[in-house]
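Hello,

Here is the structure I promised to pass on. Please look it over first; my notes follow below.

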Amino acid sequence: MLGRLIVLFITVSLLDLLLLIALGRYIGYLKTVLIVIGIGIIGAIIAEREGLYTFRRVRDEFYKGNLPTDELMDGVFVLAGGVMLITPGLITDVIGILCLIPKSRKYIKRFTLTYLKYLLNSRIFKIKLRR
C-alpha cells in the first residue's frame, strides 16, 4: 500500500510539472505562474471559510452530545484540499478545490467510504491485520 502511494505521489508530481511546462509554453510562463498563485490565493480563502464552518459544525455536534463523524471527515478533506492547494501544480489545485467545494466533497466522501468499506471487508486487508 505504501509503495502504491509513493508511486502515486511521484506520478502526480511529474504530471503536474509536465502540465505546467506545457501550459507555460502555450500561454507564457508569467501567466502560468500568476494562474498558480491566483488559484492558491482563492483556494486559501475558500479553505479558511470551509475550515471555520466545519469547525463550528464539529463543535455544535459535540455540544449536542453527538459524535461528529461526518463533520470530522469534512475537516479531513478540507485540510487535504488546503494542502493540495499549497503544492504547486494544476492537477493538485483541481483536486484541492474539489475537496473544498461542499457539493463535490460529498461525492468524494461517498467514494472514500465505499472504498474503505471494501478494504475492511476484503480478504487482503484481513490477512495483513493478522500479521
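**Helix H2**

The buried residues of H2 are Thr32, Val36, Gly43, Ala47, Glu50, Thr54, Arg57, Val58 and Glu61. Buried means under 20% relative accessible area, exposed over 50%, and partly exposed in between (1.4 Å probe, protein chains only). Helices are DSSP runs (H or I, at least four residues), numbered from the N terminus.

This is a predicted model: local features need pLDDT of at least 70, side-chain atom pairs count only at pLDDT 80 or more, and totals for chains, interfaces and linings use all residues. Residues are numbered from 1 along each chain as its sequence is written, and side-chain values use heavy atoms, with hydrogens and water left out.

What do the buried residues of H2 pack against? They pack against helix H1 (2-27), helix H3 (69-86), helix H4 (90-100) and H5. Contact here means heavy atoms within 4.5 Å.

H2 covers residues 29-64. At 1.5 Å a residue, its 36 residues should span 52 Å, and its end C-alpha atoms are 52 Å apart, which agrees. The expected span is 1.5 Å times one less than the number of residues. Gly65 follows H2, with a positive phi near 90°.

**Aromatic rings**

The structure holds two aromatic pairs. In one, Phe111 and Tyr115 have ring centres 6.5 Å apart and planes at 10°, so the pair is stacked (centres within 6.5 Å, planes under 30 degrees apart). The two residues sit four apart in helix H5 (residues 102-121), about one helical turn. Phe111 is exposed, at 61% relative accessibility. Tyr115 is partly exposed, at 36%. Phe111, Tyr115 and Tyr118 form one aromatic cluster.

Best wishes

Key:
Rings of Phe, Tyr and Trp (its six-membered ring) pair if their centres lie within 6.5 Å; planes under 30 degrees apart count as stacked, over 60 as edge-to-face and the rest as tilted.
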